[in-house]
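Please open the structure in your viewer and keep the selection tool at hand. The stops below are meant to be followed in order.

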Amino acid sequence: MNLYLRGLVLALVIVLAGCASPTTTNMIGTSRTPLQPEQVTVYTQEPACFEPIALVTATSDMSFTFTDQAQMDVVLERLREAAGRVGANGVLLQRTGEERDESVHVGTGVGRQSGSVGFGVNIGKSFGLMEKTAEAAAIWVSADAACEEF
């Protein structure tokens, strides 16, 4: 493998390793047996009986979707996945929003070298795309109509 290709592969590995996770999970209760994301229901209002398990956040970062609805669909799926990993069968949506992603950079540069002295000037602009965000509680919703105590 030539030196250029090795450098390119190394740069790609470093970039991918530096990417932030699109979800976070903070335990506030007891985890249960993990569930598949399709077994997790999204709630916008509190169900009658539930036990909080974790606080989860998700973003549409690195989803390569551009419409608002497609980005929100990615966020909701990521919330379901995170909740399922801790054994929650529900996600109680608490807040949604948008934030600017500072991932796009445009720049130009000029350089000159004379002997062993180098000189460079760079001009650049950084701007971000909007990404969707959400915060929720991963919860266990009781199927018992009598609302058993947890």
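A salt bridge here is a side-chain nitrogen of Lys or Arg within 4 Å of a carboxyl oxygen of Asp or Glu. This is a predicted model, in which local features need pLDDT of at least 70, side-chain atom pairs count only at pLDDT 80 or more, and totals for chains, interfaces and linings use all residues. Residues are numbered from 1 along each chain as its sequence is written, and side-chain values use heavy atoms, with hydrogens and water left out.

Select Lys132 and Asp68 to begin, whose side chains meet in a salt bridge (3.8 Å, N to O). The pair links distant parts of the chain, with Lys132 in strand S5 (residues 117-141) and Asp68 in helix H2, 64 residues apart; helices (H or I, at least four residues) and strands (E, at least two) are DSSP runs, numbered from the N terminus.

Is Lys132 buried or exposed? Lys132 is buried, with a relative accessible area of 12%, where buried means under 20%, exposed over 50% and partly exposed in between (1.4 Å probe, protein chains only).

Finally, move to Arg78, which is found in helix H2 (residues 68-85) and is buried, with a relative accessible area of 15%.
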